[in-house]
Amino acid sequence: MNSDSVLIVGIKGHVVCVRKSDGVELWRTHVRGSDTTSIVRDEDTVFAATKGHVYALNISDGAIRWVNDLPRLGYGACTMGSPNQGALAALQIIAQQQAAMLAAIAASSGAAAAASS
């Protein structure tokens with residue numbers, strides 16, 4: 001598999017590899033968590049962060065190489081970067097993560113307001 005021909009998606013505790021040409025899913029790996037899954041790709045490795053854990057996955061098959069539990073840091077949102085990642089890609093990832101956090105805050109605020117009514 002040519003790693004430039006795939007798109008890596010982080011969503012709801014999963015990392016999914018999709019072929020760019022036709023959208024066919026090539027592999028899917030479950031990682032801890034059920035909310036935002038941040039990802040960054042660096043050569044033949046996909047790094048994913050969710051629920052206070054960072055995973056390194058093989059880009060070819062999604063196999064987990066290692067997990068770091070990031071002890072004592074909690075479960076907050078995580079932003080990642082790579083030396084091989086362009087500045088524009090990093091800004092796009094940050095903007096997507098911020099939008100996801102704002103949507104989650106708005107949803108929980110709406111639920112809290114509805115519950116107190």
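This is a predicted model: local features need pLDDT of at least 70, side-chain atom pairs count only at pLDDT 80 or more; totals for chains, interfaces and linings use all residues.
Visitor: Is threonine 50 buried or exposed?

Guide: Threonine 50 has a relative accessible area of 5%, and because buried means under 20%, it counts as buried.

Visitor: And where does threonine 50 sit?

Guide: Threonine 50 belongs to strand E5, which covers residues 45-50. Five of the six residues of E5 are buried, so the strand is largely enclosed by the rest of the structure.

Visitor: What joins E5 to strand E4, and how do the two run?

Guide: Strand E4, residues 38-42, is joined to E5 by five bridges, and the two run antiparallel. Within that pairing, valine 40 has phenylalanine 47 of E5 as its bridge partner. The two strands form a hairpin with two residues between them, and in the turn glutamate 43 has a positive phi of about 55 degrees.

Visitor: How many bridges are there from E5 to E6?

Guide: Six bridges join E5 to strand E6, residues 53-58, and this pair also runs antiparallel. Valine 46 stands opposite leucine 57 of E6. Here too there is a hairpin with two residues between the strands, where lysine 51 takes a positive phi near 50 degrees.

Visitor: Zooming out, what is the strand order in the sheet?

Guide: The order is E4-E5-E6-E7 in an open sheet of four strands, with antiparallel pairing. E4 and strand E7 (64-68) are the edge strands, each pairing on one side only. Averaged over the sheet and ignoring direction, neighbouring strands are turned by 20 degrees against each other.

Visitor: Changing topic, where is confidence lowest and where is it highest?

Guide: Confidence is lowest in helix H1, residues 87-116, where the mean pLDDT is 73, and highest in strand E3, residues 25-30, where it is 96.

Visitor: What does the chain average?

Guide: Over the chain the average pLDDT is 81, and 78% of the residues score at least 70.

Technical notes. Residues are numbered from 1 along each chain as its sequence is written. Side-chain values use heavy atoms; hydrogens and water are left out. pLDDT is the predictor's confidence in each residue, from 0 to 100. Buried means under 20% relative accessible area, exposed over 50%, partly exposed in between (1.4 Å probe, protein chains only). Two strands pair if DSSP finds at least two bridges between them. Axes are lines fitted to C-alpha atoms, for helices over the stretch in contact, and angles run from 0 to 180 degrees between N-to-C directions.
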